[in-house]
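Please read them with the structure open beside you.

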Amino acid sequence: MKRMIDWAARLYPRSWRDRYGDEFEALLEEIRPRWTDVLDILKGGISMRILRWNSLRIATLFALAGGFAAIVVSFAMPARLWRSGVTFVYQTPDTGHYADHTATFVRTALNKDYLERIIRTYNLYPEERQQASMAGAIKRAERATQAEILRTGEFRLSFAYPDAVIAQRVTNNMAMQFVEANFRNPELATGRARVAITQPAQPGVREKPNRRPFALTGAVCGIAIGVLAAWFRRRRHAASA
Amino acid sequence: MSDPTLLVLASLAGGDKHGYAIMEDIQTLAGVRLGPGTLYGAITRLEERGWIRALQSADRRQPYRLTADGRRYLQTELRNLSQVAKIGLRRLEDA
């Protein structure tokens, strides 16, 4: 126990040990040590260190601790998605802006009725649908769907879902929906715009959760807690002085 | 009364003492055993506030003395505590 007490006593800051170290050691030699004394010295050493830190140091330490904790939490998150995609050749329409035209096309093809149908067909987001309404599941499906125009003039569609097979099936279904919508919609299918699948849906790429926003959020929360802690410490010190 | 700073001040009100003697005295007068970390945390705060001061000593054991400010503070706090104790006891008797 003597070794543990000596180790705990080293946690006190050097300036404190320079002033009180000898007499503190003399006290420790005189008392009959208990296990609770180890904890008491540990607590005393840590609080003595924190008392001697300035506000900037406290905020920095809390920010680092917050960022670290957030990264640890992000590793425990199960939100790893399989993203499956398909690329189309999309002929530029004669009139209008290409981006506007494709955006309208995506909205028309992947409308809410279609998304609801696809959610029911593939039984997507069962927990979400049990807890909340279909509207919540549709919003999640909208977020999981990405439609982007490449510089080559190609149009890429992808869908993210925790199950790789379902992600691929949904992507294939969406591709078919695009082709059908192209023929159904007279405004989009009068020869000015043409959609054709040039590649089969890819087997899928596993997406890792983006840990940067997590770490940043944790660090910001840590700074806020650190500033609050420094403020409370200063207030307490002023009140007791 | 469990505030370590008040207990240390109350102990030193009875005369100059070093750390171990303060610890023993507090155990006798209040039935509380202050841990070494708690005791020296209180001693550090009290010395920083000028309520106690270290005396010259050839020994490693450092004796402390209550200052005039410390005495005033202790008197005020003990009067307040005594007032609370009196009112509390009276209310218990009336109840």
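1. The largest nonpolar core has 28 residues, and those touching the most other members are B:Val8, B:Leu9, B:Leu39, B:Ile43 and B:Leu46. A nonpolar core here is a set of buried Ala, Val, Leu, Ile, Met, Phe, Trp, Tyr and Cys residues joined through C-beta atoms within 7 Å; a residue is buried if 20 or more other C-beta atoms lie within 10 Å of its own, exposed if 12 or fewer, and partly exposed in between, with C-beta atoms placed from the backbone. Two or more residues of this core come from each of α1 (2–9), α2 and α3 of chain A, and from each of α1 (4–12), α2 (19–30), α3 (36–48) and β2 (64–66) of chain B. Helices (H or I, at least four residues) and strands (E, at least two) are DSSP runs, numbered from the N terminus. A second, separate core of 20 residues includes A:Ala109, A:Leu110, A:Ala141 and A:Tyr161.

2. On provenance, this is a predicted model, in which local features need pLDDT of at least 70 and side-chain atom pairs count only at pLDDT 80 or more, while totals for chains, interfaces and linings use all residues. Residues are numbered from 1 along each chain as its sequence is written, and chains are lettered from A and ligands numbered from 1 in the order in which they are written.

3. Chain B contains 4 helices and 2 strands, which follow the pattern α-α-α-β-β-α along the sequence. Of its 95 residues, 32% count as buried.

4. Within chain B, α1(B) is mostly covered, with 8 of its 9 residues buried; among them are B:Pro4, B:Leu7, B:Val8 and B:Leu12. The cover over the buried residues of α1(B) includes α2, α3, β1 (52–54), β2 and α4 (68–94) of chain B. Leaving aside residues up to four places away in sequence, B:Val8 touches B:Ile22, B:Ala42, B:Ile43 and B:Leu46, where contact means that the C-beta atoms of two residues, placed from the backbone, lie within 7 Å.

5. How do α1(B) and α3(B) pack? Their angle is about 75 degrees, with the axes 9 Å apart, and they are therefore roughly perpendicular to each other. Axes are lines fitted to C-alpha atoms, for helices over the stretch in contact, and angles run from 0 to 180 degrees between N-to-C directions; angles under 35 degrees count as roughly parallel, over 145 as roughly antiparallel, 65 to 115 as roughly perpendicular and the rest as oblique. The residues of this contact divide into 7 nonpolar, 2 polar and 1 charged, where Ala, Val, Leu, Ile, Met, Phe, Trp, Tyr, Cys and Pro count as nonpolar, Asp, Glu, Lys and Arg as charged, and the others, Gly among them, as polar.

6. Between the chains, 19 residues of chain A are in contact with 13 residues of chain B. On the side of chain A that touches chain B, α2 (14–30) and α3 (35–52) each supply at least two residues, and α3(A) gives the most, with 9 residues. By class, this side has 9 nonpolar, 4 polar and 6 charged residues.

7. α3(A) and α3(B) pack at an angle of about 35 degrees, with their axes 7 Å apart. The residues of α3(A) in this contact include A:Asp37, A:Ile41 and A:Met48, and those of α3(B) include B:Pro36 and B:Tyr40.
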